[in-house]
Amino acid sequence: MSKYAMVIDMDRCIACHACEVACRSHYDVPVPYYRNWVHDLRPEGVYPDIKKVSYVGLCNHCDDAPCVKACPTGATYKRKDGVVVVDKDLCIGCGLCIEACPYGARYIDPVKEKVDKCDFCIDRVEQGVEPACVATCIASARIFGDIDDPNSKVSQLIANGAQPNVSSKVNVGPNIYYLDSHNHFPVVQAAFPPKVPNMPTPQKMWTKVLRPLFWLAIGGSFLGQLAAFSTQLFKGESDIKE
Amino acid sequence: MEKKISRRSFLKISGTVGTGAAVGLSTSTSKTKAAVRTEPKRIERIPSVCEQCFWRCGIIATVEDGKLVNIEGNPLHPNNRGKICARGNAGVALVYEKDRLKGPMIRVGERGSGKWREVSWNEALDYTAEKLLAVTKKYGVEANGLFAHGASGYFATDLYSFLGSPNSAAPSFAQCKGSRDVGYELTYGENMGSPERLDLANAKVITLIGSALGENIHTGQIIDFTDGLANGAKVIAVDPRFSTAASKAKWWLPIKPGTDTALVLAWINEIINKKGYDETFVRNSTTGFSELTDHVKEFTPEWAEKITEIPANVIRETAKAMMDAKPAVLVHPGRHVAWYGNDVQRARAVAILSAILGIWGQKGGYFLKSEFPASYNALDIPAAPIPKRQRVDGAGYRFPLASTEEGLTQELVKATLSQKPYPIKSWMVFGQNIFNSIPAKRDTRKAIDNLDFYVVVDVRPTEPTWYADVILPEDTYLERYDTLMTVTGWYKQYVSLRQPVIKRVHNTKPGWWIAKELGKRLGLSAYYPYNDYEDVIKYQLKDSGISFTKLKRDGVITFPAKPFLEPGESYQFKTSDKKVHLYSKELKDLGFDPIPVYEPVNDPGKGYFRLVYGLMPVHSHGKTESNPWLNTLISEPHLWINEIIGKSMGLKNDEEVIVENQDGIRSDKIKILMTPGMRHDAVFLPHGFGGNDRGLLDYTKRNISDNNLISKYTVDPISGGTGLRVNFVRLIKDEQPLSPTVEVSMTGVSAKKISGVKQEEDQNKTFNIQPKKKASAIKEGC
Amino acid sequence: MENKNIKLNDDIVLDHDLLKGPRHLSFDEKRILATRVMKKHGVGGVTLHWVNAISWFLLIFTGTALLSASYLQFAPAWYINMMDGIFGTRGAMLHFHIAVGVFWVTTLLLYGIFGYKNYLLDFVKHDLTIDKDDIRWFPAKAKNLAGKLNHYEMPPQGTYNAGQKAYAVVVAFSTLTLMITGPIMAFHIGSTTIIQWSMMLHFVATMSVFAGVFVHVYMAALFPEERPAFFSMITGKVNELYAYLHHYKWWTEIKNEEHAFFAEELKKDGIDLPALHDCKNIANHQVNSKVYDMNGDEL
């Protein structure tokens, strides 16, 4: 079984944004939304130690994906090969996955009214072609592959120290790794830390209060009636007596 | 609830290059549904050549039932090897951009009133020819001026030479790489060409002086550059701004703008002093080394430190890095070098530095130019007439080494403005934004008033289109044939073909057709013995051994090159004595310095900053600002200013200021970006944005163009190239000019008089992040 | 007044007595009442009930299986897996859920619009209108179930008892909520915020009904005392003894209606049916040789 992942080589990336547009072109992503992104940070530091860093991102296809947990219909699910995909047929456009995503990787297509996001170009990958962003990357800064294969380039780069964007607060097993030998990645992590999955009020009310309440109510009502019925059975039925 | 199958996702993956139609049935990989059969669509993958910038990458367009759906890089093309940049990818959006010019128009109101009527091509061309002939009749054929650029601009240039007017000019010389080419030709007898013959991938040290490498996204160079970085190349980035290249550099040298020649001279001094030059190459292949040694004697690193504000030890360290790595030292010749009006001499200094390091024809240095293995048939047409009068721009005489092929745009503007030495009464502007490329926009605008006739040929409207008497809309590069694109030399040589990938979307025409049809109406039928440009290309290739069919199918045909010298092989340079001219007798004879000297630059003065400019990686010149896919990435420029200086003026990031130059010319409000990655005495404004587009375009109409503030320029007396970095600006907020209250030294790190500086933490660290709606608000208004 | 022979049978006398207020019934009274049936639901009502019940059943079974996200999940995983297995794909299940929902909503709307008077107003009148007796019923029922209060001391009830009414109120509001929130989710109407709130309300509405459904089913189908109610949902009829004991006010209402109806009909034939209040005086009085049953048919 393969498990797909991507390594972003920050040493190579020159923030040309080609990946972003290639993705837009391949999937008709409507402006201003995006499935992958390059966020440029302004140069910071003190001469001569100045850093100009860009955050290259896309869906992290997390192992413990909060979006999957939040999707009410199961439209968002994780495939066996690790790719988190959205079954457009099932999506009801509720946006709970958008709130849950720590990386801001999801949007609702205003035309289709369904959630969309990076799917690692799985259609291409299954045909043996690299994802569109990888194919167009001029600097070869995006490396895609199977981390279950120890000989794959991604596995080797991860072994060489590529790290995912996680924090002490949020670690949901992301599968996008960042390779960096110039201490640029901490800058990205500071500016774009993974967001604690957000539950909107109605969802929170349901999950935290109403759901246990209804478990009790339904369970109670069921058990109560069961008890009454049992009593009735044991006692034998007394029809209209008196 | 029927699931819509994305056919696009299928066709993207059909891997082969080919013009033959691939008909595919899409399948669904959906979890919920088995494959659904839908009627097949005709899917074609057609190779062509990009023109979102002038690097000319090979592309493969995917066309679905006649609609362009995607563009990918052509893996066979040496320029880009299967990759393409953001702009190349966004070619799809250019074709369907709503702001395009969609049909020929003739002005009906006052010039500049923005009133046109839509006309047929016949009427538009008849009218244009009539007007050009009227000017010719009254003032002579030379009174017709042309500004042309781009691959189809050649057709216009040819038309004007057939007509007999010498007055055509392209900004690619005077506003771009002209001075570099002249400087390299003076030194080596040949220029670096385009793509520049640079072995970035194998270089151990890459020296970039004011290079936009990383922001200009010349695809092949970026591929090589990043490969070079991965191979451990150390980068020396000389730039007043912390550029993308600087962010990859081991050494960032925040040089005082305009003092680069001093730095290069000090490097040469250090290398000669430390005997770090390539003795064999200098002995065998150069002349004037002793003159050079004498010349640079006084230009020590200490001398340069005072001028460039780069510490002498850093100059020594970087010089040592170059010496140690030679010959795998890539000294980039630059591309846009129209900086200070003494750019030929700076280019020469760079060329001399590369020469003494002996990098010519060496791995990690400069590639050799090779002989192209094929020759094309020339069309059987009469020779162009020799113009009766001299060019008005002075190329070849007032500016002895200026290119007479490309001409000098700014001089053509000046001549039109003054109507001297003789009247210029008509302009054709072909595929360029003369307000954004030629400095002193005011002059350009005023010169238009002196014209009897002014015609614009372009794909999309730009600011100067507004004043046009006739607008002739051109096909996009995806809808037309252009001339064969042949690159000789480099690491590979090739010929590539730009061909239409889709049927034209609007009532537009290709450049060759416009030139041909105008030519016929101007009595030049003899020059146009064809109806279809495809036939011309077939004829050109007929005896060359290159198959047109294969070229059409693959988009490019490559040939091996000989990029490196054999060990011990000496190269016959194309100079008079076959040697590299460290000392240029040619310049001496023309009355110029035979070896470059540093010419001091002015200081901006209190409260003023030198205006430098450059590119942003997602935009090309002024060509792409309105492209919706690119505009969403960077929709407006940020003015870079030193963080300490900015804070001392009470500014905050993203705050808007008005920029005013020394001539009192003001911009509209521009957002600022404060960073330690900008020199204290200069501000940086990305090029290619804004202008008063006055209703032709539906995007920003703010006047935030850098060129608007470049009202002053100097002219290189050798090449005629313009110096554009000679303008000083100050920032205006609430109608009050701002003045920094601290002094900063970039390399000394700290600021003096720091008391006035607020040290507050800046929360908003990001910039130019596209306006992203909050996820939760996305569906509002549905 | 023409003197016709009207035999006022025992039943009428009985009815008259019983109409004075609920009381212990003698064996004879019980016997007579138990053999008589009253119409409680028309064919439309019966159909509506079962369409509603089956729809609810299908919607709850698929809906709880669709709700699979761990943050929201209600049913156990094995159940969701089982349902996935039955439907093959989640999409099929969602589409089924939506299809049943659309059918259900359409049915209710048709009933509501075309059966405005017969069904909607009737439902509002009998199921949703609560009086003092209803409020007193809850503590009384508790005592009754505890064996401390017999049937005859219970507050008299209308067509439906207060417990049934309370559930009807929940079902009514839930139905309204589901009819609105369902389409919002199925057809993406409004912003994500609206859809998110819809979802929560959808769950709450469903689960509220779900919580009561065991009581509803048990009481109607299994609990011996209320079992006639269950059969009434098939036959449309209940025996009068049950009606008298459990829905005294309704029984009274029907009796009065019946009497008024017969009085009117007999008047056409020139026969005066004595008002119920003076039936007592003519009890056992042979007026006519002809005997009519309560349906006005000649015996």
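The following legends describe close-up views of a predicted model.

In this predicted model, local features require pLDDT of at least 70 and side-chain atom pairs count only at pLDDT 80 or more, whereas totals for chains, interfaces and linings use all residues. Residues are numbered from 1 along each chain as its sequence is written, and chains are lettered from A and ligands numbered from 1 in the order in which they are written.

**View 1. Overview of chain B.** The secondary structure of chain B comprises 24 helices and 31 strands; helices (H or I, at least four residues) and strands (E, at least two) are DSSP runs, numbered from the N terminus. Of the 782 residues in chain B, 60% are buried. A residue is termed buried if 20 or more other C-beta atoms lie within 10 Å of its own, exposed if 12 or fewer, and partly exposed in between, with C-beta atoms placed from the backbone. Among contacts in chain B between residues at least 6 apart in sequence, 73% join residues at least 24 apart; two residues are in contact if their C-beta atoms, placed from the backbone, lie within 7 Å.

**View 2. An open parallel sheet in chain B.** Four strands of chain B, in the order E11-E10-E9-E13, form an open sheet with parallel pairing; two strands pair if DSSP finds at least two bridges between them. Strand E11 (251–253) and strand E13 (329–331) of chain B are the edge strands, each pairing on one side only. From one strand to the next, the twist averages 10 degrees; axes are lines fitted to C-alpha atoms, for helices over the stretch in contact, and angles run from 0 to 180 degrees between N-to-C directions. Strand E9 (residues 205–209) of chain B runs parallel to E13(B) and is joined to E13(B) by three bridges. Ile206(B) is placed opposite Leu330(B) of E13(B).

**View 3. Strand E21 of chain B and its partners.** All six residues of strand E21 (residues 609–614) of chain B are buried, so the strand is largely enclosed by the rest of the structure. E21(B) pairs with strand E28 (residues 728–733) of chain B in the antiparallel sense over two bridges, and Arg610(B) stands opposite Phe728(B) in E28(B). Five bridges join E21(B) to strand E25 (residues 682–686) of chain B, and these two strands run parallel. Ala682(B) is the bridge partner of Arg610(B) in E25(B).

**View 4. Helix H5 of chain C.** The 25 residues of helix H5 (residues 90–114) of chain C should span 36 Å at 1.5 Å a residue, and the end C-alpha atoms are 36 Å apart, which agrees; the expected span of a helix is 1.5 Å times one less than its number of residues. The buried residues of H5(C) include Met93(C), Leu94(C), Ile98(C), Trp104(C) and Tyr111(C). Among the elements covering them are helix H3 (43–66), helix H4 (77–87), helix H6 (116–128) and helix H8 (162–186) of chain C.

**View 5. The contact between chains C and A.** Chain C contributes 32 residues to the contact and chain A contributes 37 residues. On the side of chain C that touches chain A, the elements giving two or more residues are H5, H8 and helix H9 (192–222) of chain C. H9(C) supplies the largest share of that side, 16 residues. The residues on the side of chain C that touches chain A divide into 24 nonpolar, seven polar and one charged; Ala, Val, Leu, Ile, Met, Phe, Trp, Tyr, Cys and Pro count as nonpolar, Asp, Glu, Lys and Arg as charged, and the others, Gly among them, as polar.
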